[in-house]
Amino acid sequence: MARVVYVNGSYRRHGEAHVHVEDRGFQFADAVYEVIEVLGRQLVDAPRHLDRLQRSLGELRIREPMSRPAMLHIIGEIVRRNRVTDGLVYMQVSRGAAPRDFLFTGKHMTPTFVCLARPVPPGIRQAKAQRGLRIVSLPDIRWGRCDIKTVMLLPAVLAKEQALAAGADEAWLVDADGFVTEGASSNAWIVNAGGQLQTRALSPALLPGVTRHTTLDVAAAIGLEVVLQPFTAKDAYLSREAFATSASGTVMPIVELDGKAIGSGKPGPIAEALRKAFHNHAQHQDCR
Ligand code: PMP
């Protein structure tokens, strides 16, 4: 079956979908994105993802490409036309195409909107969760507005490559004071020595993860104490467990940091409990 992509008003075959060579997403990374999990043909936490998309666009003064119902309609069509039952939806909005110029004020541009979906067999993620992730720590060399979900992902690309070269799955990015900001594409958590869930408070240094938000809801529902404080690699070694959250992995146990075991060196019971309960607390909605 041919893959179908939505780009700027039409549904096209994957190999024939293009954006302009002077698109500002291409030239300046002047674009934002979202990734939404699809589970059993339903979108997971779509309102929170679309709220964050709206916020990212607002922070960069990029026009909203369309209304929310129109966007949900396109997402639904893309999921349906690609026959995705379990997988991911990717959406990207750039400021648009224009002759190359740093300045954008006063220039009329139509935002570029792209939407794709691909299936991810649930077994692959489950196998990863059962094994647990290995992490490497690296300096956080990103910009000062990591709370905006921009496509300026080169530092994350390089961090993931370094993780792969070290035989790891993900990188934890460490700030100048030695505190973990977040993962290259996930939020970072520990279950500290006192048994509390610990993750960094929101700030411009990290992405406000939708999965992080819902995991906080799950923690409250099952009565886990949470502290919103940063932690160091040393804190992680003293902790009982660690895990990562993201829409593409929900809650993923972490078993190793820089080659040394965290906790028992096996996926921990709290991370497993959060992972199991996650979809009972996330919002699910049919693709329309
Ligand atoms: N932090 C970063 C840097 C990310 O790229 C992501 C998303 N892949 C996350 C955290 C997790 O966010 P979400 O739970 O909304 O997927």
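## Sheet, cores and selected residues

Tyr-6 has Tyr-11 of S2 as its bridge partner. This model is predicted. S1 and S2 run antiparallel and are joined by 4 bridges.

The two strands belong to an open sheet of 7 strands, ordered S2-S1-S6-S5-S3-S4-S16, in which the pairing is antiparallel. At the edges stand strand S2 (10-13) and strand S16 (284-286); each has a single partner strand, so one side of each lacks a neighbour in the sheet. On average, neighbouring strands of this sheet are turned by 30° against each other, with direction ignored. Strands of a sheet pair through backbone hydrogen bonds, in either a parallel or an antiparallel manner.

The largest nonpolar core has 27 residues, and the members that touch the most others are Leu-43, Met-71, Ile-75, Val-89, Met-91, Phe-113 and Cys-115. Two or more residues each are given to this core by strand S1 (4-7), strand S3 (31-39), helix H2 (46-60), helix H3 (68-81), strand S5 (87-94) and strand S6 (112-119). H3 supplies the largest share of this core, 6 residues. Leaving out residues up to four places away in sequence, Ile-75 touches Leu-43, Leu-50, Val-89, Met-91 and Cys-115. Another core, of 16 residues, lies apart from the largest one; among its members are Leu-133, Val-174, Ala-188 and Ile-262. In soluble globular proteins, nonpolar side chains tend to be buried together.

Helix H6 (residues 210-221) packs with H8 at an angle of about 100°, and the axes are 9 Å apart. H6 is therefore roughly perpendicular to H8. On the H6 side, the contact is made by Thr-211, Thr-214, Thr-215, Val-218, Ala-219 and Ala-221. From H8, the residues that take part are Leu-274, Ala-277, Phe-278 and His-281.

Four residues from other parts of the chain are listed below by relative accessibility.

| Residue | Relative accessibility | Class |
|---|---|---|
| Glu-170 | 3% | buried |
| Gly-263 | 40% | partly exposed |
| Arg-61 | 59% | exposed |
| Arg-83 | 60% | exposed |

Glu-170 is in strand S8 (residues 170-174). Its relative accessibility is 3%, and therefore Glu-170 counts as buried. The side chains of Glu-170 and Lys-160 are joined by a polar contact of 3.0 Å. With neighbours within four places in sequence left aside, Glu-170 is in contact with Arg-134, Ile-135, Val-136, Lys-160, Ala-163, Gly-183, Ala-184, Ser-185 and Ser-186.

Gly-263 is in the loop between strand S15 (260-261) and helix H8 (269-281). Apart from neighbours within four places in sequence, Gly-263 is in contact with Ser-239 and Arg-240. The C-alpha atoms of Gly-263 and Asn-192 are 9.8 Å apart in space, while the two residues are 71 residues apart in sequence.

Arg-61 is not a glycine, yet has a positive phi of about 55°, and is placed in the loop between H2 and H3. For Arg-83, also a residue other than glycine, phi is positive and near 50°; Arg-83 is in the loop between H3 and S5. Most residues other than glycine have a negative phi.

Methods. Residues numbered from 1 in each chain as written. Predicted model: local features only at pLDDT ≥ 70, side-chain atom pairs only at ≥ 80, totals over all residues. Heavy atoms only, no water. Core = buried A, V, L, I, M, F, W, Y, C linked by side-chain atoms within 4.5 Å. Buried < 20%, exposed > 50% of the residue type's maximum accessible area, 1.4 Å probe, protein only. Contact = heavy atoms within 4.5 Å. Pairing = 2+ DSSP bridges. Axes fitted to C-alpha atoms, helices over the stretch in contact; angles between N-to-C directions. Polar contact = N/O pair within 3.5 Å; in protein donor to acceptor, adjacent residues only side chain to side chain. Parallel < 35°, antiparallel > 145°, perpendicular 65-115°, else oblique.
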